[in-house]
Amino acid sequence: YCFRGDLVGPSEGFWSEKMRTDSFLECPYHPACVGSTADSVEQSSDVFCNSSQGYHGKLCTQCSRKDGFVFIQNFHCHKCGGLIVEVSRFVAGVITYLIILIGIYKLASNCKTWKL
């Protein structure tokens, strides 16, 4: 994207390692690369990444662990909900699993004979 004269920067979905260059790389996950503004081309290459969603680094393919983001798959960053949320999800999963097991046991105990 050309702002004025030699001031150029990547469009949305693209990334550049150097400032003031016409060499841009397509990001593997477009939403991670927000592109540039006239102000951002004067800063570091991380400003081309969607940092509010945890993306940074070359081609915006890294997740900001210090801000609570983790890499899940296909260059997607996911914000962890903190210890209480993660423990709650785990407990809910265990309870669901137990309910299913109890249901299977009750169904099996109602059968008089099992034939294989």
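Setting aside residues up to four places away in sequence, Phe69 touches Ser52, Gln53, Gly54, Cys63, Ser64, Cys77, His78 and Lys79; a contact here means heavy atoms within 4.5 Å. The model is predicted, so local features need pLDDT of at least 70 and side-chain atom pairs count only at pLDDT 80 or more, while totals for chains, interfaces and linings use all residues. Residues are numbered from 1 along each chain as its sequence is written, and side-chain values use heavy atoms, with hydrogens and water left out.

Helices (H or I, at least four residues) and strands (E, at least two) are DSSP runs, numbered from the N terminus. Phe69 counts as buried because its relative accessible area is 8%. The cut-offs are these: buried is under 20% relative accessible area, exposed is over 50%, and partly exposed lies in between, with a 1.4 Å probe and protein chains only. Between the C-alpha atoms of Phe69 and Gly81, which stand twelve residues apart along the chain, the separation is 9.3 Å.

One of the residues that Phe69 touches is Ser64. Ser64 sits in the loop between E6 and E7 and is buried, because its relative accessibility is 9%. Apart from residues up to four places away in sequence, Ser64 touches Gly54, His56 and Phe69. The side chain of Ser64 is also joined to that of Asp67 by a polar contact of 2.9 Å. Such a contact is a pair of N or O atoms within 3.5 Å; within protein, one must be able to donate a hydrogen and the other to accept it, and residues adjacent in sequence count only if both atoms are side-chain atoms.

Now the chain as a whole. It holds one helix and eight strands, and their order along the sequence is β-β-β-β-β-β-β-β-α. Of the 116 residues in the chain, 24% are buried. Among contacts with a separation of 6 or more, 31% are between residues 24 or more positions apart. The accessible surface of the chain is about 8,500 Å², and carbon and sulfur atoms account for 60% of that surface. Accessible areas come from the Shrake-Rupley method with a 1.4 Å probe; for residues, only the protein chains shown count as cover.

The cysteines come next. A disulfide is a covalent bond between the sulfur atoms of two cysteines. Here a pair of cysteine sulfur atoms within 2.5 Å is taken as a disulfide, and the count is three. With bonded cysteines counted along the chain, the pattern is 1-2, 3-4, 5-6.

Cys27 is buried because its relative accessibility is 3%, and Cys33 is buried because its relative accessible area is 1%.

Another disulfide links Cys49 and Cys60, with an S to S distance of 2.0 Å. This pair links distant parts of the chain, eleven residues apart: Cys49 is in the loop between strand E4 (25–26) and strand E5 (55–56), and Cys60 is in the loop between E5 and strand E6 (62–63). The torsion about the S-S bond of Cys49 and Cys60 is about -90 degrees, so this disulfide is left-handed. Cys49 and Cys60 are buried.

Cys63 and Cys77, which Phe69 touches, form a disulfide with their sulfur atoms 2.0 Å apart. Cys63 lies in strand E6 and Cys77 in strand E8 (residues 77–79), so the bond ties together parts that are 14 residues apart in sequence. The torsion about the S-S bond of Cys63 and Cys77 is about -100 degrees, so the disulfide is left-handed. Both cysteines, Cys63 and Cys77, are buried.

The aromatic rings remain. Rings of Phe, Tyr and Trp (its six-membered ring) pair if their centres lie within 6.5 Å; planes under 30 degrees apart count as stacked, over 60 as edge-to-face and the rest as tilted. By this rule there are two aromatic pairs. The rings of Tyr29 and Tyr55 have centres 5.9 Å apart and planes at 45 degrees, so this pair is tilted. Tyr29 is in the loop between E4 and E5 and Tyr55 is in strand E5, 26 residues apart, and the pair links distant parts of the chain. Tyr29 is partly exposed, at 22% relative accessibility, whereas Tyr55 is buried, at 5% relative accessible area. The rings of Phe71 and Phe75 have centres 6.5 Å apart and planes at 75 degrees, so this pair is edge-to-face.
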